[in-house]
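Here is a short briefing on one protein chain. Look through the sequence and the structure, then read the points below.

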Amino acid sequence: MYIVIAGAGVVGRNLTKRLTENHDVVVIDLDREMCERVYSQYGAVSICGNATNINVLKESGIQRCDIAVGVMRNDADNLAFALLAKNYNAQQIMVRMRDPEYKSAYKLAGATTIAGVMDLLVEEFVLDIEQPDIRKVYSLSGGKAEISVLTVPKGSWCDGKSISEIVKTKGFPEHILISGIFDQQEDRLIIPHGNTKVKELSQLFLVGRSDNITKAAKVLLK
C-alpha cells in the first residue's frame, strides 16, 4: 500500500519504522532534520514541507495514496490534512486527536480512525492498516491489555480446527487467549476449551497485548 504520514514526531517515526518493510511510505514534516532522520534510519521517502499545502501533498503522491495518517502536533493541522486527503480520495484517513472537541469535525473530514493522545498507539494504526478485519473492543493501560474481535473468513484454514490446534500453529503468539467464540450461524456465545472447534464466519474474542493480537491476526487470517 501507498501511505502518506504527516508528522515525523515520535509517533510518526515509530509508525514509519513499522510500515516501511511492507509498504511504500512517504513522510512529510516541517523539520528538515527530522526528515533526514527518517530517511537515514528507515529509508522512507521524506519531504520537508507543510502537509496542509496542496503542492507539498502533490509532491508526496497524495493522488495515489491508499492511507493518509495525520500525526502532527496540532488538531487544526491534522484536520486540514484529513480534509485534503479526503479530497484526493484516500481510502483510509487516520488522525491523532489532542482535543476531544475536534472529534465531530474529524468525522466530517472523513477520518476513519481517530486516536486520542492518551490511548494513541502505533499498534492501533498498524492493526487498522494491516489487519482491517479485526476490531478493537477495549484497551487498558496503553495497550498492555486489549480485547479484540476477529471474524474467521469464509474458507479459512481455521474452519474445523480446535482451539488447541490453532494456538500451536507456528507464529501464533504464546501470550494470547481466545476467550470466547460467537457462532453467528447459531447466534450464541461459546466459552471455548482446548477441544472446541472453530467454524468459518465465527467471531473470536482475543485477549492480550496489542502487538500480540496483531501477530495472532496475521496467523488467523493467512
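**A strand and its neighbours**

Isoleucine 5 sits across from valine 69, a residue of strand 4. This pairing comes from a predicted model. Strand 4 covers residues 67-70, and the points below start from there.

**Strand pairing**
- Strand 1 covers residues 2-6 and runs parallel to strand 4.
- Four bridges link strand 1 and strand 4.
- Strand 5 covers residues 92-97 and also pairs with strand 4 through four bridges.
- Strand 4 and strand 5 run parallel.
- Alanine 68 has isoleucine 93 of strand 5 opposite it.

**Domains**
- The chain is split into domain 1, residues 2-117, and domain 2, residues 130-221.
- Taken over C-alpha atoms, the centres of domain 1 and domain 2 are 30 Å apart.

**What the record lists**
- An unreviewed UniProt entry lists residues 1-116 as "domain: RCK N-terminal".
- Over residues 1-116, the chain is 41% helix and 25% strand.
- The end C-alpha atoms of residues 1-116 lie 25 Å apart.

Definitions and conventions. Residues numbered from 1 in each chain as written. Predicted model: local features only at pLDDT ≥ 70, side-chain atom pairs only at ≥ 80, totals over all residues. Heavy atoms only, no water. Buried < 20%, exposed > 50% of the residue type's maximum accessible area, 1.4 Å probe, protein only. Helix = DSSP H or I, 4+ residues; strand = E, 2+ residues; numbered from the N terminus. Pairing = 2+ DSSP bridges. Domains from an automatic or database assignment. UniProt positions renumbered as here; feature names shortened; annotations may be inferred.
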